[in-house]
Amino acid sequence: MDPITAFVFATTVAFGVPATRPPGAAKLSQARTEYVLDRRNARSDDSQITGFNDPVFAELLSYKSFSDGWDGEGSLAPSHRDIDVAIAFTAMARDYLPLPTAMISPEGQIGLYWDTPLAYIDINFDVNGTLSIYSRRRDISKDNESYMANQDPSDVQTLLPIMEVLNPMQMAA
Amino acid sequence: MKCQDFFEENADNPKPCKALQKLFKDDEATVLGFEQSSASPLSEHGPVRDDEFLWRQIVNPTHFDVATGQLKVTAFSDVSDKGGSVNRGYADYQALVLKAEKRVADINSRRPDMQASLVGLVRLECDEVRAIRTPPGSDGKTLRGFIVLDTALPGDESHADICQIVSQDAHGRSVRSKLVELANRYLLKIREESAG
């Protein structure tokens with residue numbers, strides 16, 4: 001097992017990633033590879049589905065080396081716990097969703113995002129241990145933005161609104 | 001309150017956009033009116049007009065997804081607090097590239113571990129930045145997301161700032177994601193630009 005896979009596996013165990021799937025997720029059991037319009041999935045392969053060797057995990061781990069000032073004056077180092085929570089969340093999400101891209105703000109806030117022709121979604125891991133989700137659908141022009149705060153990053157139900165935005169037609173089927 | 005007075009009062013505030021957001025909640029008209037005058041006494045070209053271009057350096061690979069060639073929304077995080085630095089369209093492009101390269105060299109001399117590199121310059125259109133709005137609230141009202149201010153600096157007369165004026169996290173996330181969407185449309189990567 002490579003070091004990144006070993007770390008991510010240990011982190012998901014530590015954060016108790018649930019084995020059960022959320023209601024409605026069953027129909028997405030094979031959907032991850034069917035998000036053909038997703039830029040990142042367009043280059044996914046079997047190793048990303050079975051392992052933890054997608055660049056998103058390596059990038060999240062790399063943020064642990066960031067110290068204050070990493071992005072210029074006033075920028076802050078991230079919380080290692082937030083990084084671990086983000087890794088565990090991503091490991092949980094990868095069974096249901098295309099893999100996201102990692103990001104870090106100059107204030108040290110960890111985030112993930114999906115940017116597809118159908119939708120933009122970003123997640124921030126907030127200081128109180130919860131996460132917030134902002135999403136904007138591109139396939140409709142009215143009431144196409146939503147925001148949810150105080151979501152539990154270890155609850156698989158948190159993935160449902162993301163699934164609904166990333167693939168509304170499949171969820172409605 | 002006049003624009004210059006506001007910025008003089010906040011001269012030592014590292015996050016003047018937070019102060020703008022607070023003022024905007026109480027007095028939208030005053031904050032929007034700041035665009036009609038210069039924030040800096042050094043200005044020679046006056047307030048930033050709607051029909052101007054705005055150049056933004058993209059220097060940090062941390063805020064750029066190499067796999068997709070797209071900026072991350074964190075590339076514009078500074079618009080929400082200290083202000084997003086841009087240069088006005090009349091600035092010389094080659095001089096801006098040299099300045100950006102110098103900035104990269106400075107970062108790498110201080111923090112070689114960051115391995116900073118110059119991705120390119122974004123050429124935003126001011127009226128498009130000013131047109132970005134929040135989604136409608138329960139009353140159907142939408143809010144301007146940003147103001148663009150003339151903030152001329154010593155030795156950098158064409159300097160301007162994009163300042164987020166909405167304060168709610170939901171609104172900030174909405175308008176910044178739209179700003180980055182614009183920026184991704186107008187990103188000129190340095191290698192491509194040089195080759196042209």
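**Close-up views of a two-chain predicted model**

Chain B is built with 7 helices and 8 strands; both kinds of element are DSSP runs numbered from the N terminus, with helices being H or I runs of at least four residues and strands being E runs of at least two. The model is predicted, so local features need pLDDT of at least 70 and side-chain atom pairs count only at pLDDT 80 or more, while totals for chains, interfaces and linings use all residues. Residues are numbered from 1 along each chain as its sequence is written, and chains are lettered from A and ligands numbered from 1 in the order in which they are written.

**View 1. Chain B as a whole.** The C-alpha trace of chain B spans about 45 × 40 × 30 Å along its principal axes. Take the contacts in chain B between residues at least 6 apart in sequence: 71% of them join residues at least 24 apart. A contact means that the C-beta atoms of two residues, placed from the backbone, lie within 7 Å.

**View 2. The open sheet of chain B.** Six strands line up here: this open sheet of 6 strands in chain B has the order β6-β7-β4-β1-β5-β8, with antiparallel pairing. At the edges you'll find β6 (146-150) and β8 (187-189) of chain B, each pairing on one side only. On average, neighbouring strands of this sheet are turned by 35° against each other, direction ignored. Helix α6 (residues 169-185) of chain B packs on the sheet and touches β1 (53-58), β5 (120-125), β6, β7 and β8 of chain B. The direction of α6 makes about 110° with that of β5(B). For such angles, axes are lines fitted to C-alpha atoms, for helices over the stretch in contact, and angles run from 0 to 180 degrees between N-to-C directions.

**View 3. Strand partners in chain B.** Strands of a sheet pair through backbone hydrogen bonds, either parallel or antiparallel. To count as a pair, two strands need at least two bridges found by DSSP. Strands β1(B) and β5(B) pair in the antiparallel sense over 6 bridges, and B:R56 has B:V122 in β5(B) as its bridge partner. Strand β5(B) is also joined to β8(B) by 3 bridges, again antiparallel, with B:G120 opposite B:K189 in β8(B). Elsewhere, 4 bridges join the antiparallel strands β4 (residues 84-88) and β7 (residues 159-164) of chain B; look for B:S85 opposite B:D161 in β7(B).

**View 4. Where the chains meet.** Chain A has 6 helices and 5 strands, and reads α-α-α-α-β-β-β-β-β-α-α along the sequence. The contact takes 19 residues from chain A and 18 residues from chain B. On the side of chain A that touches chain B, the elements giving two or more residues are β1 (101-104), β2 (110-115), β3 (119-125), β4 (131-137) and β5 (145-151) of chain A. By class, this side of chain A has 9 nonpolar, 4 polar and 6 charged residues. (Ala, Val, Leu, Ile, Met, Phe, Trp, Tyr, Cys and Pro count as nonpolar, Asp, Glu, Lys and Arg as charged, and the others, Gly among them, as polar.)

**View 5. Two packed helices in chain A.** Helix α3 (residues 55-62) and helix α4 (residues 80-93) of chain A pack at an angle of about 170°, with their axes 9 Å apart. They are therefore roughly antiparallel to each other (angles under 35 degrees count as roughly parallel, over 145 as roughly antiparallel, 65 to 115 as roughly perpendicular and the rest as oblique). Here A:V56, A:F57 and A:L60 in α3(A) meet A:I83, A:A86, A:I87 and A:T90 in α4(A). That contact has 6 nonpolar, 1 polar and no charged residues.

View 6. Most residues other than glycine have a negative phi. A:D143 has a positive phi of about 50° although it is not a glycine. A:D143 sits in the loop between β4 and β5 of chain A and is exposed, with 9 other C-beta atoms within 10 Å. A:N150, also not a glycine, has a positive phi near 60°. A:N150 lies in strand β5 of chain A and counts as exposed, with 10 C-beta neighbours inside 10 Å.

Key:
A residue is buried if 20 or more other C-beta atoms lie within 10 Å of its own, exposed if 12 or fewer, and partly exposed in between; C-beta atoms are placed from the backbone.
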